[in-house]
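Here are my notes on this entry, written for someone who has not looked at it before. Please read them with the sequence and the model open side by side.

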Amino acid sequence: MTNLSDKLKKDIQYGLLKWFDEEKREMPWRETRNPYKIWVSEIMLQQTQIITVIPYFERFIEAFPTVQDLAAAPEEKVLKCWEGLGYYSRARNLHRAAKQIVAEFDGRMPQDWDDLLSLPGIGSYTAGAVLSIAFGQVLPAVDGNVLRVLSRMFLISKPINVAKTKKEMEALAGCLIPIARAGDFNQALMELGALICTPKSPQCFRCPLQKCCCANQEQCQASLPVKEKKAPKRELKMVFGVIYNEKGDVLIEQRPSKGLLANLWQFPGGEWHSGSEAHEVLRDIIKEKYQLDIIVDGDQIALKHIFTHLVWKVTAFTTCSVQGGCAVLSKGGTARWVKWQDLKDYPFPKVHQTIIMKVEGRKDDQ
Ligand code: SF4
């Protein structure tokens, strides 16, 4: 597959770059060759739509204009800037990698493939994107969009979510890249996948590669790319409560420093294992964790949160109160009573932000 004729390569390069020059969308990270900014944008864009990323990117760069600023920031501030974008391990890895760049690479983004891959959160896609876009290196950057375009263009029916196929596709993409415009070519392939060669109903009549595309010739676009079926996601039932003390402060707890949603804050609660009712489970969890007796009251909200390998089915109680006694927490724990208006200072995962929004909506109605 990598021994393509020079004419075919030239046709693909010329057609795609001409289209990209005319049709590419304006994006803040496309106005720069700054490797730090390109790296941040590439990490944010993983599993997230461009329209969602733009305001986050602008806020993040304003808060941390350089890799040194990011390295020096407390993790809580980095997570707060990432709040709502999901997949928080991306933010933690970005932060750790920034520290490593400052400590080991004199604060400069490494220009060597292996050095870049040694940083947390950077795989072959991100390394290829940063090195080609910021430094013009002739390296492929193969994301899901590129896999789809290539599998259709070259009629590749191997499953694209298998590592071996991805490696072959990277080799194929690598031999298509023109030396003079490596970064633009990589971005053009991604842009074509995002705008024209879309998963459903690709617009082949508008495609600059229509004449070179085997799937278009055979009219089998809809059956490509092929993906191997993944195991269904595991479902966990979770229960959380908005708990007030006698002063009207609200209880929040920090998640463990490792694992899912590490170090983010949440309303207290946990997994709902048994066959008991949700409010009983919440009462037992709070009693066990904080030695507090609570009255579970108020509305019950049902929410769903989808992670990469897991789905949380969440039940949240909006108004719980501490029963009798004084609501004192043991010292040294990771929970605290805070004023409702101070919740904005803590990074919460999306599902808990939704609880906050729902409670605030109800407060406004009262
Ligand atoms: S011709 Fe159609 S299937 Fe082929 S690359 Fe273009 S949009 Fe995709």
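1. Q219 is exposed, because its relative accessible area is 59%; exposed means over 50% relative accessible area, buried under 20%, and partly exposed in between, with a 1.4 Å probe and protein chains only. Q219 lies in the loop between α12 and β1. Its phi is near 55°, a positive value in a residue other than glycine. Helices (H or I, at least four residues) and strands (E, at least two) are DSSP runs, numbered from the N terminus.

2. This is a predicted model, in which local features need pLDDT of at least 70 and side-chain atom pairs count only at pLDDT 80 or more, while totals for chains, interfaces and linings use all residues. Residues are numbered from 1 along each chain as its sequence is written, and side-chain values use heavy atoms, with hydrogens and water left out.

3. The loop that holds Q219 is also the place of P225. A cis peptide bond joins L224 and P225, with omega about 0°.

4. Q217 lies in helix α12, residues 214–218. Is Q217 buried or exposed? Q217 counts as exposed because its relative accessible area is 54%. Leaving aside residues up to four places away in sequence, Q217 touches K211 and C212, where contact means heavy atoms within 4.5 Å. A polar atom of the Q217 side chain lies 3.1 Å from the backbone oxygen of K211. A polar contact is a pair of N or O atoms within 3.5 Å; within protein, one must be able to donate a hydrogen and the other to accept it, and residues adjacent in sequence count only if both atoms are side-chain atoms. From Q217 to G270 there are 53 residues in sequence and 54 Å in space, C-alpha to C-alpha.

5. A positive phi is also found at Q291, where the value is near 55° in a residue other than glycine. Q291 lies in the loop between α13 (278–290) and β5 (294–306). Q291 is exposed because its relative accessible area is 53%.

6. On the overall layout, the protein has 14 helices and 7 strands. The C-alpha trace spans about 80 × 50 × 40 Å along its principal axes. Of the 366 residues, 50% are buried. Among contacts between residues at least 6 apart in sequence, 66% join residues at least 24 apart.

7. The protein is divided into domain 1 (6–223) and domain 2 (234–365), with bounds that come from an automatic or database domain assignment. The centres of the two domains, taken over C-alpha atoms, are separated by 37 Å. In domain 1, 9 residues are in contact with 17 residues of domain 2. Between them the domains bury about 990 Å², 49% of it on carbon and sulfur atoms. Of the area that domain 1 buries against domain 2, E76, K80 and Y88 supply 43%, more than any other three residues. Buried area is the accessible area (1.4 Å probe) that two parts lose on being put together, summed over both.

8. Helix α2 (residues 35–45) is mostly covered, with 9 of its 11 residues buried. Among them are Y36, W39, V40 and I43. Which elements cover the buried residues of α2? The cover includes α3 (50–63), α4 (67–72), α5 (75–82), α6 (89–104) and α8 (124–135). At the start of α2, a side-chain oxygen of N34 reaches to within 2.8 Å of the backbone nitrogen of Y36. Just after α2, Q47 takes a positive phi of about 60°.

9. Strand β2 (residues 250–254) is mostly covered, with 4 of its 5 residues buried. β2 runs antiparallel to β7 (residues 335–338), and 4 bridges join them; L251 stands opposite W337 in β7. β2 also runs antiparallel to β3 (residues 265–266), through 2 bridges, and E253 stands opposite Q266 in β3. Two strands pair if DSSP finds at least two bridges between them.

10. How many disulfides are there? The count comes to 0, a disulfide being a pair of cysteine sulfur atoms within 2.5 Å. C207 counts as buried because its relative accessibility is 16%. C320 also counts as buried because its relative accessibility is 0%.
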